[in-house]
Amino acid sequence: MLSRTLGQSGISVSAIGLGCMGLSEFYGEPTHEADAITLLHQAVDLGVTHFDTAEIYGQGHNERLVGNALAAVRDKVVIATKFGPQRDPATGAFIGVDGSPANVRRSCDNSLQRLGTDRIDLYYLHRVDAATPIEDTVGEMAMLVKEGKVMAVGLSEASAEIIARAHAVHPIAALQTEYSIFSRDVEKDVLPMCVRLGISLVAYSPLGRALLTGRYASAADRPTGDNDFRARMQPRFQPGNFESNLALVEAVTAVAARKGCPPAQVALAWVLDHGDHVVAIPGTTKLANLRTNLGALDCHLTEEERASLDALAAGVVGGRY
Ligand code: ATR
């Protein structure tokens, strides 16, 4: 599988990784444990080397799952995890972000324990803590690197200014953010800053949280249910907005039909064609979808196709969150 290097860390990952969140939470019921482990093993067998989790996914469940499933191949894979956002242990409600040095250390030790490993390959601040200077947070993350607990430092959903300030304290290997045909706001400031500083962009939700895969044919297919956060709180998935956005997806499915490849591959090719500094971590809980997604490496867009897709983001109704 095609590999790309994360920033200047020297860490090489498959250009298409696996976003593991959906195995535990947020897109409906968690996947049955045995099936989730099987899927993670299949991903390894198919050449995926980049696995993305976070402390908050399933409130520890996802890290335990990923650590357990990948234990036997630990040295062959890159495990990325994240800290910062705080949840009420009883309700799961989000109650703030803690980027304090004390929490950097506490969270790292807890993640290492849940992952069952002695090091985190890529450790991200998941969301920026407005109450803690980024220099303090990243300064402590740099200490973890010195101690060998963390191999590389990342940020998620940070502004260009925060990225530059963080990078001045310790090299940032990766900036993770939502990036897709439908979410291009990072192109304005964030992506240029990453390019300037030699930081990789790790694109999450590259499939528009499934919208861009063409799996939704009509309003009746809108994800629903209390355990699907798209239904609960994502503007783009609310009634009315969803239908408008589905109409835009038709342009993606039309390009896909002409090329003879699935829309998910077109969506991923659009992300990956931006250059070697971009990798994608589509999430899936199913082998068939994983195979489809990995097939995107053989899908390449023409200038004309790209231009027709570039125009879509401006028409998307509803913010990202
Ligand atoms: P995130 O990064 O937040 O996981 P994403 O990668 O844009 O978001 O999209 C993930 C969603 O796309 C999941 O709901 C996933 O559902 P499955 O677990 O059922 O696969 C869906 N998805 C991923 N790959 C897909 C594919 N090839 N075809 C259809 N749906 C897909």
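Begin by selecting the shell around the ligand, which by class has nine nonpolar, nine polar and four charged residues. Here Ala, Val, Leu, Ile, Met, Phe, Trp, Tyr, Cys and Pro count as nonpolar, Asp, Glu, Lys and Arg as charged, and the others, Gly among them, as polar. This is a predicted model, in which local features need pLDDT of at least 70 and side-chain atom pairs count only at pLDDT 80 or more, while totals for chains, interfaces and linings use all residues. Residues are numbered from 1 along each chain as its sequence is written, and side-chain values use heavy atoms, with hydrogens and water left out.

Next, select Tyr27, Thr284, Thr285, Lys286 and Asn289, the closest of the 22 residues that surround the ligand (a heavy atom within 4 Å). Then select helix α10, residues 287-294, which supplies three residues, the largest share of this shell. Helices (H or I, at least four residues) are DSSP runs numbered from the N terminus, as are strands (E, at least two).

Turn now to the polar contacts, pairs of N or O atoms within 3.5 Å. A polar backbone atom of Gly208 is 3.2 Å from a ligand oxygen, and one of Ala210 is 3.5 Å from a ligand oxygen. At Arg230, a polar side-chain atom lies 3.4 Å from an oxygen atom of the ligand.

Notes: Polar contact = N/O pair within 3.5 Å; in protein donor to acceptor, adjacent residues only side chain to side chain.
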